Amino acid sequence: MSTPSTPGAGIVSGFPDGPGVPTDTIVYADNLAVLRRLPTGSVPLIYIDPPFNTGRTRTLTRLRTIRDPNGDRVGFQGRAYRTLRLGTQRYADVFDDYLAFLEPRLVEARRVLAPTGTLYVHLDYREVHYVKVLLDGIFGRECFLNEVIWAYDFGGRSTRRWPAKHDNILVYVASPRDYVFNVDAIDRIPYLAPGLVGPEKAARGKLPTDTWWSTIVPTNGRERTGYPTQKPLAILRRIIAASSRPGDLVLDFFAGSGTTGVAARELGRRFLLVDNNPEALRVMARRFAGMPGVRFVGFDPVAGVPAAPSDPAASAEAAGE
Ligand SMILES: C[S@@+](CC[C@H](N)C(=O)[O-])C[C@H]1O[C@@H](n2cnc3c(N)ncnc32)[C@H](O)[C@@H]1O
């Protein structure tokens with residue numbers, strides 16, 4: 001029977017050094033520890049969907065006191081003061097932490113990307129501009145390929161501003177001169193006015209642009225795993241079909257419910273998924289149950305608990321000690 005352990009336990013035994021990377025593997029660990037063990041230039045496609053604001057959250061509330069005869073505090077020479085909360089400063093601090101959390105992971109992602117590889121970073125409108133600047137610094141602006149807008153239409157609508165109904169996916173390539181883009185493998189979409197293009201073209205459909213209209217995971221559909229931030233398979237299928245070749249390794253180091261792995265398997269690619277949340281691992285254990293050749297590292301998929309460390313030194317290293 002397995003016992004709970006620190007996330008990262010067993011990474012070293014699961015990741016032999018040297019050329020080649022493990023295939024169809026799901027790792028329970030902090031992703032930075034795993035990334036640091038992957039060979040340079042070894043991964044043709046990386047997709048990540050980092051959680052917003054995962055960095056150390058500094059709940060620093062800045063205060064300022066101002067003179068106010070009706071204030072609740074008494075200071076020098078018996079003067080009354082009122083305390084103001086400066087909330088904006090707090091937001092900036094939290095965001096700095098988020099970027100500090102992401103940066104070393106994005107630097108490692110760039111290092112492990114194959115010379116013709118592509119990185120997709122799934123963000124929302126609050127983060128995308130900051131992360132774009134960060135990625136431009138890591139990759140160089142010439143390696144920025146696209147900003148894909150995934151537009152959906154679900155849930156409530158604010159009546160006080162334009163309802164935000166899209167995600168942003170930044171796409172970077174290791175080399176702007178030589179990267180994989182399988183235009184013929186991309187699923188096609190219906191013409192808005194099929195009558196105007198003729199029956200042959202209408203039957204074939206047209207290529208999607210950088211704006212993808214696609215529904216969220218239906219709340220009671222078969223695809224639903226119950227993981228709150230689960231992304232639709234349709235989005236991952238399109239990304240993997242366009243930007244990798246059959247047999248390629250696809251890495252998702254913020255794996256959540258494992259959508260990337262499911263789409264990769266469907267399309268004949270190999271996958272490596274990493275997450276540090278036992279609940280994500282439990283969801284993936286259910287989702288991949290019965291699929292042959294899927295290996296869990298640091299987690300017992302049958303018991304649904306972290307696996308006992310097989311190598312204490314490895315656990316310490318993976319935990320960053
Ligand atoms: C937005 S969710 C990903 C959802 C996923 N795309 C899907 O379709 O289910 C982000 C995931 O990153 C994981 N995560 C956050 N910090 C991590 C870290 N340092 N190492 C590994 N995983 C991490 C969280 O546990 C969460 O499952």
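Visitor: Which helix does Ala109 lie in?

Guide: Helix α3, residues 87-112. Helices here are DSSP runs (H or I, at least four residues), strands are E runs of at least two, and both are numbered from the N terminus. This is a predicted model, where local features need pLDDT of at least 70 and side-chain atom pairs count only at pLDDT 80 or more, while totals for chains, interfaces and linings use all residues. Residues are numbered from 1 along each chain as its sequence is written.

Visitor: Is Ala109 buried or exposed?

Guide: Count the other C-beta atoms, placed from the backbone, within 10 Å of a residue's own: 20 or more is buried, 12 or fewer is exposed, and in between is partly exposed. Ala109 has 25, so it is buried.

Visitor: Which residues is Ala109 in contact with, leaving aside neighbours within four places in sequence?

Guide: Contact means C-beta atoms, placed from the backbone, within 7 Å. For Ala109 that gives Leu35, Ile46 and Leu119. Thr40, 69 residues away in sequence, sits 9.3 Å from Ala109, C-alpha to C-alpha.

Visitor: Now α8. Which of its residues are buried?

Guide: First the general idea: an α-helix has 3.6 residues a turn, so residues three or four places apart point the same way. In α8 (residues 278-288), the buried ones are Ala280, Leu281, Val283, Met284, Arg287 and Phe288. Down the axis they fall within an arc of 160° (taken from the directions from helix axis to C-beta atoms), so they line one face of the helix.

Visitor: What does that buried set pack against?

Guide: β1 (25-28), α7 (259-266), β11 (270-275) and β13 (299-300). Just after α8, Gly290 takes a positive phi of about 90°.

Technical notes: Two residues are in contact if their C-beta atoms, placed from the backbone, lie within 7 Å.
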